[in-house]
Amino acid sequence: NTAVIVDFFFFTAKVGKTSLIMSLVSEEFPDEVPLRAEEITIPADVTPERVPTHIVDYSEAEQSDEQLNQEISKANVICIVYSVNNKKSIEKVILCLKLLNVLILLSGHRVPLILVGNKSDLVEHSSMETILPIMNQYSEIETCVECSAKNLKNISELFYYAQKAVLHPTGPLYSPEEKEMKPSCIKALTRIFKISDLDNDGILNDNELNFFQVRAVFFSCLHTQTCFNIPLAPQALEDVKNVVRKNMSDGVKDNGLTLKGFLFLHTLFIQRGRHETTWTVLRRFGYDDDLELTQEYLFPLFKIPPDCTTELNHNAYLFLQSVFDKYDKDRDCALSPDELKDLFKVFPYMPWGPDVNNTVCTNEQGWITYQGYLSQWTLTTYLDVQRCLEYLGYLGYSIIQEQESQAAAITITRNKRIDLQKKQTQRGVFRCNVLGARGSGKSGFLQAFLGRNLARQKRIREDRKSYYAISTTYVYGQEKYLLLHEVLPDFEFLSEADLACDVVCLVYDISNPRSFEYCAKVYKKHFLDSKTPCVIIAAKSDLHEARQYYSLSPLDFCRKHKLHPPQLFTCNTDEAPSKDIYTKLTTMAMYPLSSPFVLLKLLGIIVAASYSMFLMQYLEKLILLRLGFRDIQVSFNLWSFNIVHDFWFRLFCRGWW
């Protein structure tokens, strides 16, 4: 609101409009009044709503119709001034409204209107009975204020209501004709209710009401004191619920506020003229004046440096876990279609299609499991962080977690080149691009990672096929996400995105004699001089192996290019396929410089260093024994065994192939 500029435009002549402006500025009635006051800017620190305010006067005698159109196009609110002691002035209001409607329609710029009855000091009666039918006819009119420039009656209130008409308009919220909130307002408040209903029982209990009060500054209009980020006292909560009980039977249930009761309270706020309370709530949850979530709320500024990736941080995973628990009503650690639909009711559309069920782990019924749910969020964050920010915005992440924006949920990883230099990484997600000729078994390789054997894979419909698969693996006891991406077999048109990854998987069908040739050509063209580690997968190893129509056999090809030998793989198993190969792929992605020959060199260094340390410690103990320290003789044999055991453990249990 601090950035809003409020323009006042006074229309009609000889009704005291210029006197109103000058009385506001000087706080006294002017002796001499010009035809038109100069444009005046009131600083933000002296206005009730803390916004800078421009006041623009209009004179029919001095200004043209073109200037009138320009002023209307710039105005945020228009005040139509009439004289309460002049019936012709009141009648002219209707003509002004008709003219303004035409001009506003032509400009396409919706502007709220305020009717101002000046010179109330000259009459003892009110003009409201005459004005009310006009207000009912024109929905653009926000309110009517009777005032007096001479005795300064309601001058400050006039400008307050004009500001309020801009900052907290009634039009988008409420229909005076039907005396109820508009559908768009009900939809927005329903989303807010569901976000605030932390246990998803359809009721806001006292804890949830206080949670909402602290974050959204609610219920202030029911009390004499305005509450800002302060929990309500128990009696205040009871007062709120009693107001609802008196007006509707199903507004309070189990001593908590239902959705109907929540909507009723906001209707009551608007009817009492305190719609700024509803606007405070709506804007806190990201809505603009048209009751649409703002781009700034959904897509906060977020820059990603080159060669860096995006991941969810620990707090984001905790938040997503709480969302999962909120909607997993049967506590089976999986989201049924109805539970998933309920979760996404706070979204304007269904974000996950049927392909998601073939991208992440599911249970036997095909429902997304807890692990699969977190995996899909991890995938979205990695591939399209802006989409992830949008989704977290719909879920109310910044409100619930009390963060400035949902960008606080994202971690930008270190530049990959720095990881290579330091030979270590803190990343938690690694990408493996899977390439191979058509029919080589790439899709089966992806689905096997999700624990699906060939029999389960045959039940997947073609229109629900996914080119991604993501799940967790464990490397040295650390949980990591491995993201598999099946690249379409178009050898000549592989894009940078098809080649950018942490590890490459080249798949060929051992039963097809022409299958390996594709892998060999792709490797020689794109990965021969690359630092990206590559693994060749001999898929469908349960079938008879055919001799490949290539100059080198797959094994000889790997030896020539210093690659690991082809890894046998099949998903034609009774149980879930083995995940060993996926752990190896993740390990290679974490340690890309660890080629087989580098590993052999490192292995030799480890053997030499470990043996030297063992020998030195053994000689030290032997010398101590020779010098007469017999008290350690009993534990010497056990100590020797532990040293040897530790040596072999370090040597063979560090995840090397």
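Student: What makes strand β19 largely enclosed by the rest of the structure?

Tutor: First, a caution: this is a predicted model. Now the count. Strand β19 spans residues 503–509, and seven of the seven are buried, so the strand is largely enclosed.

Student: Which residues of β19 are buried on one side and which on the other?

Tutor: V503, C505, V507 and D509 are buried on one side. V504, L506 and Y508 are buried on the other. Both faces are therefore covered.

Student: What makes β19 and β20 a pair?

Tutor: The cut-off is again at least two bridges. β19 and β20 (residues 534–539) reach six, also parallel. Here V507 stands opposite I537. With helix α21 (residues 515–527), β19 and β20 make a right-handed β-α-β unit.

Student: Why is T369 called buried?

Tutor: Buried means under 20% relative accessible area. T369 has 15%, so the label holds. T369 sits in strand β14, residues 368–369. Beyond four places in sequence, T369 touches F324, C333, A334, C361, T362 and N363.

Student: C361 is on that list. Why is C361 called buried?

Tutor: The relative accessibility of C361 is 9%, under the 20% limit, so C361 counts as buried. C308, at 17%, passes too.

Student: Which residues touch the most other members of the largest nonpolar core?

Tutor: That core has 76 residues, and I192, L282, L320, W352, Y373, W377 and L395 touch the most other members. Take W352: apart from neighbours within four places, its contacts are L340, F344, I368, Y373, Q376, W377 and Y391. A second, separate core has 27 residues, including V434, V503, V535 and C571. In general, nonpolar side chains in soluble globular proteins tend to be buried together.

Student: What does UniProt list for residues 315–350?

Tutor: An unreviewed UniProt entry gives "domain: EF-hand" there. In the model, that span is 56% helix and 6% strand. Its end C-alpha atoms lie 25 Å apart.

Definitions and conventions: Residues numbered from 1 in each chain as written. Predicted model: local features only at pLDDT ≥ 70, side-chain atom pairs only at ≥ 80, totals over all residues. Heavy atoms only, no water. UniProt positions renumbered as here; feature names shortened; annotations may be inferred. Helix = DSSP H or I, 4+ residues; strand = E, 2+ residues; numbered from the N terminus. Buried < 20%, exposed > 50% of the residue type's maximum accessible area, 1.4 Å probe, protein only. Contact = heavy atoms within 4.5 Å. Right-handed = clockwise from strand over helix to strand, strands pointing away. Core = buried A, V, L, I, M, F, W, Y, C linked by side-chain atoms within 4.5 Å.
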